[in-house]
Amino acid sequence: MNIKTLSLGGSLVSPDGVDVEFLGKFNRLIREYLEKDTQRKVIIVVGGGAPAREYQQAARTLRSDVHNDELDWIGIAATKLNAQLIKTMFYDLCLEPVVQNPEIDAFSQGRILVGAGWKPGFSSDYDAAVLAHRFGSEILVNLSNISYVYSADPQKDANARPLKNMTWGELTELVGDSWTPGSNLPFDPIAAKFAREHTLRVIVANGKNIENLESILLDKPYEGTLIH
Ligand SMILES: Nc1ncnc2c1ncn2[C@@H]1O[C@H](COP(=O)(O)OP(=O)(O)O)[C@@H](O)[C@H]1O
Ligand SMILES: O=c1ccn([C@@H]2O[C@H](COP(=O)(O)OP(=O)(O)O)[C@@H](O)[C@H]2O)c(=O)[nH]1
């Protein structure tokens with residue numbers, strides 16, 4: 001069995017309303033990839049996107065003393081909504097319920113397993129890392145709206161340089177080692193710690209580049225950052 005795990009950033013599913021055009025392309029690509037070889041399976045863990053941030057921000061405005069765990073539960077609710085949409089899109093290939101606890105769920109039926117958020121303290125990247133480790137994915141593909149991890153946030157710093165290859169130590173220097181609900185980072189620091197401990201390799205790439213995503217799935221040369 002060849003299982004690939006994708007952490008599908010909420011920024012791709014719901015950047016500002018659902019991106020139906022992107023999801024249509026993603027749907028076709030994953031179906032074509034699975035049709036070509038019956039040994040292939042895909043795990044897709046879905047993030048919260050704009051609804052997670054919008055509702056977390058509303059909670060912060062409504063209650064200045066709101067606790068981080070409460071904000072995280074709001075974010076988790078958004079990941080569940082997005083994940084249910086992805087499961088519905090892959091209804092014939094995804095036969096298990098949406099995974100809400102990556103430690104206890106099995107992947108015995110169907111070709112696609114869809115996961116959502118689990119519990120406070122990290123992002124869906126962490127849940128994807130747990131599933132990748134549990135089901136023996138060699139590589140976790142982290143799909144977001146950026147083509148690489150950069151030397152700084154490319155949306156804030158015009159001089160940010162793309163980094164094509166980095167160690168977990170270098171990533172931690174860049175993103176820190178603590179968790180803030182709703183943070184916008186190329187890879188979650190808590191997930192990075194898990195990935196490092198379990199010697200996972202992660203590719204950060206832009207999910208919108210469908211041809212590039214196909215290259216990654218087929219183990220061909222790709223545009224993106226390899227973290228090891
Ligand atoms: N060093 C960095 N390299 C790349 N992106 C970064 C960096 N630091 C912060 N970011 C921000 O992280 C964002 C991606 O995270 P996020 O919005 O949570 O995406 P997703 O919903 O796809 O998980 C990028 O759009 C970028 O603005
Ligand atoms: O297991 C999880 C997954 C998500 N979240 C919360 O849900 C938000 C949205 O999830 P994520 O960051 O994965 O979404 P994305 O960045 O992909 O939009 C996070 O910021 C957390 O606040 C959480 O607490 N635990």
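**Close-up views of a predicted model**

**View 1. N101, a loop residue.** N101 lies in the loop between α4 and β3. Helices (H or I, at least four residues) and strands (E, at least two) are DSSP runs, numbered from the N terminus. N101 counts as exposed because it has 12 C-beta neighbours inside 10 Å. The classes work as follows: 20 or more other C-beta atoms within 10 Å of a residue's own make it buried, 12 or fewer exposed, and anything in between partly exposed, with C-beta atoms placed from the backbone. N101 and G176 are 75 residues apart in sequence, and their C-alpha atoms are 26 Å apart. This is a predicted model: local features need pLDDT of at least 70, side-chain atom pairs count only at pLDDT 80 or more, and totals for chains, interfaces and linings use all residues. Residues are numbered from 1 along each chain as its sequence is written, while chains are lettered from A and ligands numbered from 1 in the order in which they are written.

**View 2. E96 and its contacts.** E96 is also found in the loop between α4 and β3. E96 has 16 C-beta neighbours inside 10 Å and so counts as partly exposed. Leaving aside neighbours within four places in sequence, E96 is in contact (C-beta atoms, placed from the backbone, within 7 Å) with D105, F107, Q109, G110 and L113. S108 is 12 residues from E96 along the chain, with a C-alpha separation of 8.2 Å.

**View 3. The open sheet.** Seven strands run in the order β3-β2-β1-β4-β8-β9-β7, with mixed pairing. Two strands pair if DSSP finds at least two bridges between them. β3 (112-115) and β7 (165-166) stand at the edges with a single partner strand each, so one side of each has no neighbour in the sheet. α4 packs on the sheet and touches β2 (40-46) and β3. The direction of α4 makes about 150 degrees with that of β2. Axes are lines fitted to C-alpha atoms, for helices over the stretch in contact, and angles run from 0 to 180 degrees between N-to-C directions.

**View 4. The β4 and β8 pair.** Strand β4 (residues 139-144) and strand β8 (residues 201-206) pair in the parallel sense over six bridges. I139 stands opposite R201 in β8.

**View 5. The shell around ligand 2.** The shell holds 24 residues, and G10, G47, G48, G75 and G117 come nearest. A residue is near a molecule if its C-beta atom, placed from the backbone, lies within 6 Å of it. α1 (10-13), α3 (49-62), α4 (68-89) and α5 (124-134) each supply at least two residues. The largest share, six residues, comes from α4. By class there are nine nonpolar, 12 polar and three charged residues. Ala, Val, Leu, Ile, Met, Phe, Trp, Tyr, Cys and Pro count as nonpolar, Asp, Glu, Lys and Arg as charged, and the others, Gly among them, as polar.

**View 6. The shell around ligand 1.** Of 19 residues here, G9, S11, S144, D153 and N184 come nearest. α1 and β5 (149-150) are the elements giving two or more residues. α1 gives the largest share, three residues. The shell has nine nonpolar, nine polar and one charged residues.

**View 7. Two positive phi values.** T199 is found in the loop between α7 (189-197) and β8, and its phi is near 45 degrees. D219 lies in the loop between α8 (210-217) and β9 (225-227), with phi near 60 degrees. Most residues other than glycine have a negative phi. T199 is exposed, with 9 other C-beta atoms within 10 Å. D219 is exposed, with 11.

How values were computed. Contact = placed C-beta atoms within 7 Å.
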